[in-house]
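Open the model in your viewer and keep the selection panel at hand. We will go stop by stop.

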Amino acid sequence: KSREIPKAEADILTAGLRANPLIFGSADNVPYGNYSQQRPGQNGYSFTLIQPFDVNGKRRARVVVARQAKKVLEAQYQDAVRQEIDNLYTAFVNVLEAREAARYAQALLAGLGDVAKVVETQSQKGNVPSSELDAALIQRDTAEVGIEEADVSLRRAKRALAVLLGIPSAEADRLEVRGPIRDTAPPPPPVEDLIQFALCSRPDVIAYRLGVRSAEANITLQKRERFPDVF
């Protein structure tokens, strides 16, 4: 998107160029050989300049269309940046969430391991049936599988964040982020205020609004293009 803006500036320059003149040259009465007293004559040369004139403002209308198109591209570029910032923030929060899930899985395994030891001791003393020991061991094994799944999710989230940050995938596993998982920001304003703020400031909405103006300018240009230049 950013590289389209210089192209739009070039389009503005091109739209403001005036039409090139046409130059014709001709030679008349050129003999085979040379003129002489016995064969009098004279070569004739002529040049004709034809200049087109824009009598109804097509060039100005083309410049207006090109400038409106540039404004639309600038708003679209701002929207692309906004969306990438949102993607980066989402990837950052996903890493925080995956890390908390991995910590929870570790704590869960430690707790279930302690429970399994207690149940195993009670089972050896004959205080609890063997079925309770089997259930405790199954829960502990399930927690171990959960740790592996949580670690895989954490690595996947780190690699997704590393891609957005331009970090090589080989270094993604060593990426550590810092930040709270809880939202400590003040509450947002009411929905009505957010809607008005979006209508006035969101670049995608502005791009649509500018797109309407660009289309209107293009209609004006097409109306002026109905009449050719005067030569």
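In which helix does A207 lie? Select helix α5, residues 203–224, and A207 is there. Helices are DSSP runs of H or I with at least four residues, strands are runs of E with at least two, and both are numbered from the N terminus.

Before moving on, some ground rules. This is a predicted model, where local features need pLDDT of at least 70, side-chain atom pairs count only at pLDDT 80 or more, and totals for chains, interfaces and linings use all residues. Residues are numbered from 1 along each chain as its sequence is written, and side-chain values use heavy atoms, with hydrogens and water left out.

**Stop 1**

Is A207 buried or exposed? A207 is buried, as its relative accessible area is 11%. Buried means under 20% relative accessible area, exposed over 50%, and partly exposed in between (1.4 Å probe, protein chains only).

**Stop 2: salt bridges**

Side chains of opposite charge can pair when their charged atoms come close. Here a salt bridge is a side-chain nitrogen of Lys or Arg within 4 Å of a carboxyl oxygen of Asp or Glu. The whole structure has 14 of them.

Select K7 and D11. Their side chains form a salt bridge, 3.5 Å from N to O. Both sit in helix α1 (residues 4–15), four residues apart, so about one helical turn separates them. K7 is exposed at 54% relative accessible area, while D11 is partly exposed at 36%.

Next, select R103 and E100. The closest N and O atoms of this salt bridge are 3.2 Å apart. The two residues lie three apart in helix α2 (residues 58–124), about one turn of the helix. R103 is partly exposed at 48%, and E100 is partly exposed at 32%.

Now take D173 and R159, whose side chains meet in a salt bridge at 3.6 Å, N to O. This pair links distant parts of the chain, 14 residues apart: D173 is in the loop between α3 (130–165) and α4 (191–201), and R159 is in helix α3. D173 is partly exposed at 34%; R159 is partly exposed at 42%.

Finish this stop with D79, R82, R202 and D204, which salt bridges with shared partners join into one network.

**Stop 3: a nonpolar surface patch**

Show I23, V30, Y45, F47 and L49 as a surface. They form a nonpolar patch with about 650 Å² of accessible area together. Patch residues have over 30% relative accessible area and no salt bridge; nonpolar side chains (Val, Leu, Ile, Met, Phe, Trp, Tyr) are joined within 5 Å, like charges within 9 Å. Accessible areas come from the Shrake-Rupley method with a 1.4 Å probe, and for residues only the protein chains shown count as cover. Strand β2 (residues 44–50) gives the largest share, three residues. V30 is in the loop between β1 (22–28) and β2.

**Stop 4: the largest pocket**

Select R18, A19, F53, D54 and R59. Of the 13 residues lining the largest pocket, these lie nearest its centre. A pocket is an open set of points on a 1 Å grid over the protein atoms alone, where a 1.4 Å probe fits, with protein on both sides within 12 Å along at least five of seven lines; lining residues have an atom within 4 Å of a point. The volume of the largest pocket is about 200 Å³, meaning the space filled by probe spheres set on the points, which are joined across faces, edges and corners.
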